Each structure stands twice: as structure tokens, then as C-alpha cells.
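Q: Please take me through one part of this model at close range, residue by residue. I would like to see who sits beside whom, and then how that part relates to the rest.

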Amino acid sequence: MVRSRLCLPKLESPPATLLEFLSTHFRHIPEITWRDRMARGLVTNSSGLPLREDTPYSRGLTVFYVREVPFEPASSETETILYQDDEILVADKPHGMPVTPAGDHVAR
């Protein structure tokens, strides 16, 4: 999962709710997806408190949301684990192997 943030802008005609804004701002993400993320607590304010479907739109509110990676292509490369114990893992990864989802790997 990848966490992103968005500061709600000043709008001439703001929507009534955060859900309405997210659904129109990110048109490629179905409203049902936002509802699901909110139900699972994956949309929060800056204090980490979950935001709900009926949260009023509030200019300046910073919204944190989780972008999920439903499918990530397998890498053709393999890392080498150099050391591992209960607290640390040291690995040598090949150049070009992604370590965080990015680009085509992430769905907003």
C-alpha cells in the first residue's frame, strides 16, 4: 500500500462531502472504491482519524489516503539476502529492481 496526501482546495462550488469531491477529482476511481477505503479506515485526516463518507468538504483539510496495488508484475531479477535476524534484513538488490510500488505498479 502507498499512502498519499491531498490538501482540499478552495472551490467556487464545493461539493457537500469529501466522498463527492474524491469521486469527481479522481474520476478513474469508482465511488465504490472510495466507500470501501473509507469503511476500512484508509482515508484519514492529518491526525490519523478516519474520514467517513459523510465527512463535509472543508477547504484546507489535508486528506491522507491509501493507494493500493492490486497486482504488481513479478520481477525478472532476484535479490540476495546478506544478513537477517529478528530486527534487521540486509539485502543486495539488482539495479533496476523496484523497492516501492511506482508508475504502472500503483493504482490511485
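A: Start with lysine 93. Leaving aside neighbours within four places in sequence, lysine 93 is in contact with Glu79 and Val99. The model is predicted, so keep that in mind throughout. Lysine 93 belongs to the segment after β5, a strand that covers residues 89–92. Is lysine 93 buried, exposed or partly exposed? Its relative accessible area is 34%. Buried means under 20% and exposed means over 50%, so lysine 93 counts as partly exposed. Now look across to isoleucine 81. Lysine 93 and isoleucine 81 are 12 residues apart along the chain. Their C-alpha atoms are separated by 8.6 Å.

Stay in that segment and move on to methionine 97. Methionine 97 also lies after β5. Its relative accessible area is 12%. The limit for buried is under 20%, so methionine 97 is buried. What does methionine 97 touch, not counting residues up to four places away in sequence? The list is Ser75, Glu77, Thr78 and Glu79. Serine 75 and methionine 97 are 22 residues apart in sequence. In space, C-alpha to C-alpha, they are 7.0 Å apart.

Next, step back to the whole chain. The chain has two helices and five strands. Along the sequence, they follow the pattern β-α-α-β-β-β-β. The chain has 108 residues, and buried residues make up 30% of them. Now consider contacts with a separation of 6 or more. Residues 24 or more positions apart account for 54% of those contacts.

Now turn to the helices. Helix α1 covers residues 18–25, and helix α2 covers residues 31–39. They pack at an angle of about 135°, with their axes 9 Å apart. What word describes that angle? Which residues make the contact? From α1 come Leu18, Leu19, Leu22 and Ser23. From α2 come Glu31, Trp34, Arg35 and Met38. By class, that contact has five nonpolar residues, one polar residue and two charged residues.

Arginine 37 is in α2. Its relative accessibility is 3%, under the 20% limit, so arginine 37 counts as buried. Arginine 37 and glutamate 53 are 16 residues apart in sequence. Their C-alpha atoms are 9.8 Å apart in space. Just after α2 comes glycine 41, which takes a positive phi of about 75°.

That leads on to β2. Threonine 44 is found in this strand. With a relative accessible area of 9%, threonine 44 is buried. Which residues does threonine 44 touch, not counting those up to four places away in sequence? They are Arg3, Leu49, Pro50, Leu51, Thr62, Val63 and Phe64.

Finish with asparagine 45. Its place is in the loop between β2 and β3. Asparagine 45 has a relative accessible area of 16%. That is under 20%, so asparagine 45 is buried. Asparagine 45 touches Leu51, Leu61, Thr62 and Phe64, not counting residues up to four places away in sequence. Where is valine 63 relative to asparagine 45? The two are 18 residues apart in sequence. In space, C-alpha to C-alpha, they are 5.0 Å apart.

Key:
Residues numbered from 1 in each chain as written. Predicted model: local features only at pLDDT ≥ 70, side-chain atom pairs only at ≥ 80, totals over all residues. Heavy atoms only, no water. Axes fitted to C-alpha atoms, helices over the stretch in contact; angles between N-to-C directions. Helix = DSSP H or I, 4+ residues; strand = E, 2+ residues; numbered from the N terminus. Contact = heavy atoms within 4.5 Å. Nonpolar A, V, L, I, M, F, W, Y, C, P; charged D, E, K, R; others polar. Buried < 20%, exposed > 50% of the residue type's maximum accessible area, 1.4 Å probe, protein only.
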